[in-house]
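Welcome, and thanks for taking a look at this one. Please open the structure below and keep it to hand while you read.

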Amino acid sequence: MTADPMQKVRDFILERNPKIGQLAPQMDLIDSRAINSLAFVDFIFLLEELTGEGIDPEDLDLDDFRSLNAIEARFFKQKAAQ
Amino acid sequence: MAWEKVANSIEFVPAEYSSKTQPESGAQEMLRCVPAEIDRLVDAGLPFECRAGVRYFDANDLYNLGMYSNSARTQPELTFRLLFRFAQRPVDDLLRARTWAFRVGLECGGCSETAPWRLEEPDVLRFGGSVSGVTAPAASRGSAEYVATVTTTGARTPVVSPALRRLTREYLDAGYRWQMIPVPMQAHPEQVHAMGATSCIAASLFLAESFREAGYRAEAKRGWFCGVLGGALDLPHACVEVEDDDGAVKTVDIAKAQLAARLSPNTAEFQELCLGSIYNKVIPSTASGNAAFGYHDCGSRLPIQVHADIQAVR
């Protein structure tokens, strides 16, 4: 796993949404459209790269992407705990 | 990237069916293009409309350009590569019972009064599935939601009729190229085929007619493709239901067979599954052919928008 994967996640979102400025951990990334349907697939491939594991599109739940906290819990903390 | 060459290989959506809603920024993101490349696509014939100084494009045109760009980096290529991973798995996984949290949003843009909603509901009982926990929309104005828990299952029931298999194979071998096509246009398979293209509804309507001409009872049916990126995408789906020589109703999912062949290697088993069997990633509905999934009895002449969000129950 990359050293600070959550920084890469933040960089990805801010690169596409420079007007946001700062990303709060609990900010709703879906409703705010910081991750929109166009960016969604790119984001999944980024997460695969950062976790080193494939993601099954069937197992995805939009709530897993709703905030930085949710992303960290679903894709990075779970894995670290294993 | 030789975008001119890609543009020349695409049949753009005819003007009467085109809806140019995707702004240039979205086109750049979808195709991974810089502005100069969008200019080149426009020069090569990509239709657009200019509103308030911004160029807007039909999302289907952009999708098709991306799909056939062979760049391996456009959004459509990445999306379909991800979606069709399942077709490479052992098909036994597609034959077991699966439960889905099924949620359909209905939106009526033109209504001015409270009125009942009608949804073409999941129609899975015939194929061994079940529906529970239904919350059907009450009469309302503007928007509503249908929620249910739907269990699907699969069954290996390949088409046995040589005539049905021949007609299906002839269609697959006809050389039509799968494209994103606006749903209203898909009701006219001859127009879609005249573009050298095919799509799930157009193919299913055409094939159902071919089956009927051969003496079989057949009908194109609409449904939902499950587990599509957490509901972030909403792809229309259609297949043909036909009564086979053994008296059983078989499902021919011709577009998925064609897409799997194009998008993923080693999918022969899945492609065969599409020719008669049922699998757990599709929820058939009561809607036939190119019919709408939902209606609002408010009297508005505008079709309602239907968005499905179908997620696997973990």
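## Where chain A meets chain B

The side chains of Asp42(A) and Arg32(B) come together in a salt bridge, with N to O at 2.4 Å. A word of caution before going further: this is a predicted model. The count of salt bridges between chain A and chain B is three, and five residue pairs are found in polar contact across that interface, both partners at pLDDT 80 or more.

Between them, chain A and chain B bury about 1,900 Å², and carbon and sulfur atoms account for 50% of it. Leu38(A), Pro57(A) and Glu58(A) are the three to look at here: they supply 37% of the area that chain A buries against chain B, more than any other three residues.

## Domains 2 and 3 of chain B

Let us turn to chain B on its own. Its domain assignment gives domain 1 (3-73), domain 2 (91-154 + 292-312) and domain 3 (162-288). The C-alpha centres of domain 2 of chain B and domain 3 of chain B lie 21 Å apart. In this pairing, 28 residues of domain 2 of chain B are in contact with 27 residues of domain 3 of chain B. The area buried between domain 2 of chain B and domain 3 of chain B is about 2,400 Å², with 65% given by carbon and sulfur atoms. Which residues of domain 2 of chain B lose the most area to domain 3 of chain B? They are Leu94(B), Phe127(B) and Phe293(B), which together make up 28% of what that side buries.

One salt bridge is counted between domain 2 of chain B and domain 3 of chain B. The side chains of Glu241(B) and Arg126(B) also meet in a salt bridge, at 3.0 Å from N to O. Nine residue pairs are in polar contact across the interface of domain 2 of chain B and domain 3 of chain B, both residues being at pLDDT 80 or more. On the side of domain 2 of chain B that touches domain 3 of chain B, the elements giving two or more residues are β4 (98-107), β7 (143-152) and β16 (305-312) of chain B. Of these, β16(B) brings the largest share, six residues. By class, that side of domain 2 of chain B has 15 nonpolar, five polar and eight charged residues.

## Salt bridges elsewhere

Over all chains, the count comes to 26 salt bridges. In chain A, one network of salt bridges links Asp28(A), Asp31(A), Asp63(A) and Arg66(A).

In chain B, a few pairs are worth a visit. Arg89(B) and Asp93(B) meet through their side chains in a salt bridge of 2.9 Å, N to O. Arg89(B) counts as partly exposed at 24% relative accessibility, and Asp93(B) is partly exposed with a relative accessible area of 22%. Asp173(B) pairs with Arg169(B), the closest N and O atoms of this salt bridge being 3.5 Å apart. Here Asp173(B) counts as exposed, at 54% relative accessibility, whereas Arg169(B) counts as partly exposed at 43%. Glu209(B) and Arg212(B) form a salt bridge with closest N and O atoms 2.9 Å apart. These two residues sit three residues apart in helix α9 (residues 200-213) of chain B, so about one helical turn separates them. Glu209(B) is partly exposed at 36%, and Arg212(B) is partly exposed at 38%.

## A closer look at Ser69(B)

Finally, find Ser69(B) in the loop between α4 (59-67) and α5 (75-83) of chain B. Is Ser69(B) buried or exposed? Ser69(B) counts as buried, because its relative accessibility is 7% and the cut-off for buried is under 20%.

The side chain of Ser69(B) makes a polar contact of 3.0 Å with the side chain of Glu77(B). Leaving aside neighbours within four places in sequence, Ser69(B) is in contact with Met1(B), Trp3(B), Val6(B), Thr74(B) and Glu77(B).

Key:
Residues numbered from 1 in each chain as written. Chains lettered and ligands numbered in written order. Predicted model: local features only at pLDDT ≥ 70, side-chain atom pairs only at ≥ 80, totals over all residues. Heavy atoms only, no water. Domains from an automatic or database assignment. Contact = heavy atoms within 4.5 Å. Buried area = accessible area lost by both parts, 1.4 Å probe. Salt bridge = Lys/Arg side-chain N within 4 Å of Asp/Glu carboxyl O. Polar contact = N/O pair within 3.5 Å; in protein donor to acceptor, adjacent residues only side chain to side chain. Helix = DSSP H or I, 4+ residues; strand = E, 2+ residues; numbered from the N terminus. Nonpolar A, V, L, I, M, F, W, Y, C, P; charged D, E, K, R; others polar. Buried < 20%, exposed > 50% of the residue type's maximum accessible area, 1.4 Å probe, protein only.
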